[in-house]
Amino acid sequence: MQNLTWLLKKINILWVRGQLPSRLPTPFQKIDNLIIFLICILISIISSFKLLDFKPLNPEIVFSWSVTFLEILFCCISLIYISKKENPTINARQIILILGLLLIAQGIKLNFSTFSPLSIIVPPALIISQGMGTLTALTWVSIACINWPGSVNLVSNNLLLITFISACIVSILGGKIRGRAQLLQISILVPFGALISQWIILFANDKNYRYYNIPNLLISPGDIFSDFILLAILMLVTILIMPILESIFGLLTKARLLELADQEKPLLRKLSVEAPGTFEHTLLICGLAEEATRMIGGDVDLIRTGALYHDIGKLHAPNWFIENQTGSTNPHDKLDNPILSAEILQDHVDKGLNLARKYRLPKPLASFIPEHQGTLKMGYFLHKAKEKNSAVSESIFRYKGPIPQSKETAILMLADGCEAALRAMKIDATDHEAITTISKIIKSRENDGQLSESNLSKAEIFLIKKSFLNVWKRIRHRRIQYPTSKNNTFS
Ligand SMILES: [Fe+2]
Ligand SMILES: [Fe+2]
């Protein structure tokens, strides 16, 4: 019994570690690479071995098998490459999920040759588009439709075309859907659309197609009503198991993002009660970051939720941060130790990552915690330390990073820097003064190399500045000016 408890604890630790955002983008472990490679080989074998079924074997057959084998292997590698491009933070488990679904699809096609292709390809397309994005889902669908095993001869080209179009629609819509209700609509409308298409294209051209064959629901390609029922059931099952898949594979769907952005979530409630200043700062940053992300066409839902959680680490010691100080004493003055003060500031990143682990925040969200500070200098404390000892190392007064790895985390860093400065501006400040302040802060981040890995272009940085100015103009008239410290570099 004790051993079992120990094993369960060990599994839980491994699971929680899997959710932890890495400080630097880490390559897959060797064992993960090996598993992924073996799955690719398995998919290639399953999809091509029927070609060797001819006796006697001759060089022509072996050559044809080799070409198909390599072609499918190449498709699998392309799928991995595209999914990594679309999701830079994708982990090995998610790659295994994509390949696993392809393996299952190929296996079913081969061994259950009468299974409707609609039911084999469309539900996985929904899972992949929701979890990994439209591009990855479209690539998966293309590979699954192209690599149709030779043994399947009951599937007409028209049915495959309907399947391909339906799966593409699901892939495109699935990547955009923002709620479970819309998912439910898709799970009815797509099968219904497939039913009408089959009726128009297949039934009208070939009277051998039947409307339904309920006793053989699972093996009924061409029984158009049976296909409809089966697809609708599988789509609904997919929606039901989606939260389980999100949890097991760490998928970050739009629906989950919106759920996490609910301000009644325990962690956000705790922040609003125990660190109201930080919570207010967070809401203002949300406004700035959302507008800028919308302007450059980034992921607004991701940045909104990421912004809400970016400073949760301040919960460990709220009154050490300027926005939570009521204007009386500043504990940093009492401490009078710039190195310790710098450690307390760095701690809001480390403690934030601990909380992200504890509350199981998905990796792309948790990466906002270290990346919004990047390797920025804690200028105020460095200056204080230099006054005491001019030889003090600058590296002690820099956050540990990593610097922003995506456009979204870079925008959050810029919004974080500009928010305090814009908040501190006089109510009668001009637009010119505001844009000068914004430009100065962004330029200093750029010159410090903080944006070098974020992929933000010059044009996008220009748009970000403009959108920050627009937000500032919007909130200026209702802004309450409150005292700010000269050392407002605490944020
Ligand atoms: Fe911060
Ligand atoms: Fe912040």
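Tutor: A nonpolar core here is a set of buried Ala, Val, Leu, Ile, Met, Phe, Trp, Tyr and Cys residues joined through C-beta atoms within 7 Å. Please keep in mind throughout that this is a predicted model. The largest such core holds 92 residues, and the members that touch the most others are Ala125, Trp140 and Ala289. Its largest share, nine residues, is supplied by helix α5, which spans residues 117-132. The core also draws on both domains, taking at least three residues from each of domain 1 (25-255) and domain 2 (261-490). As general background, nonpolar side chains in soluble globular proteins tend to be buried together.

Let us begin with Ala125. Setting aside residues up to four places away in sequence, Ala125 touches Ala137, Trp140, Val141, Ala167, Val170, Ser171 and Gly174.

Another residue of helix α5 worth a look is Gln130. Gln130 has 29 C-beta neighbours inside 10 Å and therefore counts as buried, the threshold being 20 or more. Leaving out neighbours within four places in sequence, Gln130 is in contact with Gly174, Met242 and Thr253. The C-alpha atoms of Gln130 and Val170 are separated by 9.5 Å, although the two residues are 40 apart along the chain.

Now to the helix packing. Two packed helices are described by the angle between their axes and the distance between the axes. For α5 and α6, the angle is about 155 degrees and the axes are 7 Å apart; because angles over 145 degrees count as such, α5 is roughly antiparallel to α6. The crossing of α5 over α6 is right-handed. On the α5 side the meeting residues are Ile121, Pro124, Ala125, Ile128, Ser129 and Met132, and on the α6 side they are Thr134, Thr136, Ala137, Trp140, Val141, Ala144 and Cys145.

Helix α6 (residues 134-146) also packs with helix α4 (residues 92-111), at an angle of about 25 degrees and with the axes 11 Å apart. That angle makes α4 roughly parallel to α6. Here too the crossing is right-handed, and the contact joins Ile98, Leu102 and Ala105 of α4 to Thr136, Trp140, Ile143 and Ala144 of α6.

Turning to other helices of the chain, α13 (residues 300-309) has nine of its ten residues buried, so this helix is largely enclosed by the rest of the structure. The buried set comprises Asp301, Leu302, Ile303, Arg304, Thr305, Gly306, Ala307, Leu308 and Tyr309. These residues pack against α10 (254-260), α11 (266-274), α12 (276-296), α16 (363-366), α17 (368-371) and α19 (407-423).

Helix α19 in turn packs with helix α20 (residues 431-447), their axes coming within 10 Å and crossing at roughly 140 degrees, and the two helices are therefore oblique to each other. This crossing is right-handed as well. The residues in contact are Met413, Leu414, Gly417, Cys418, Ala421 and Leu422 of α19, together with Ala434, Thr437, Ile438, Ile441, Ile442 and Arg445 of α20.

Finally, the setting of these parts in the chain: there are 21 helices and zero strands, and buried residues make up 40% of the 491 residues. Of the contacts with a separation of 6 or more, 77% are between residues 24 or more positions apart.

Methods:
Residues are numbered from 1 along each chain as its sequence is written. Chains are lettered from A and ligands numbered from 1 in the order in which they are written. This is a predicted model: local features need pLDDT of at least 70, side-chain atom pairs count only at pLDDT 80 or more; totals for chains, interfaces and linings use all residues. A residue is buried if 20 or more other C-beta atoms lie within 10 Å of its own, exposed if 12 or fewer, and partly exposed in between; C-beta atoms are placed from the backbone. Helices (H or I, at least four residues) and strands (E, at least two) are DSSP runs, numbered from the N terminus. Domain bounds come from an automatic or database domain assignment. Two residues are in contact if their C-beta atoms, placed from the backbone, lie within 7 Å. Axes are lines fitted to C-alpha atoms, for helices over the stretch in contact, and angles run from 0 to 180 degrees between N-to-C directions. Angles under 35 degrees count as roughly parallel, over 145 as roughly antiparallel, 65 to 115 as roughly perpendicular and the rest as oblique. A crossing is left-handed if the near helix is turned anticlockwise from the far one by less than a right angle, and right-handed if clockwise.
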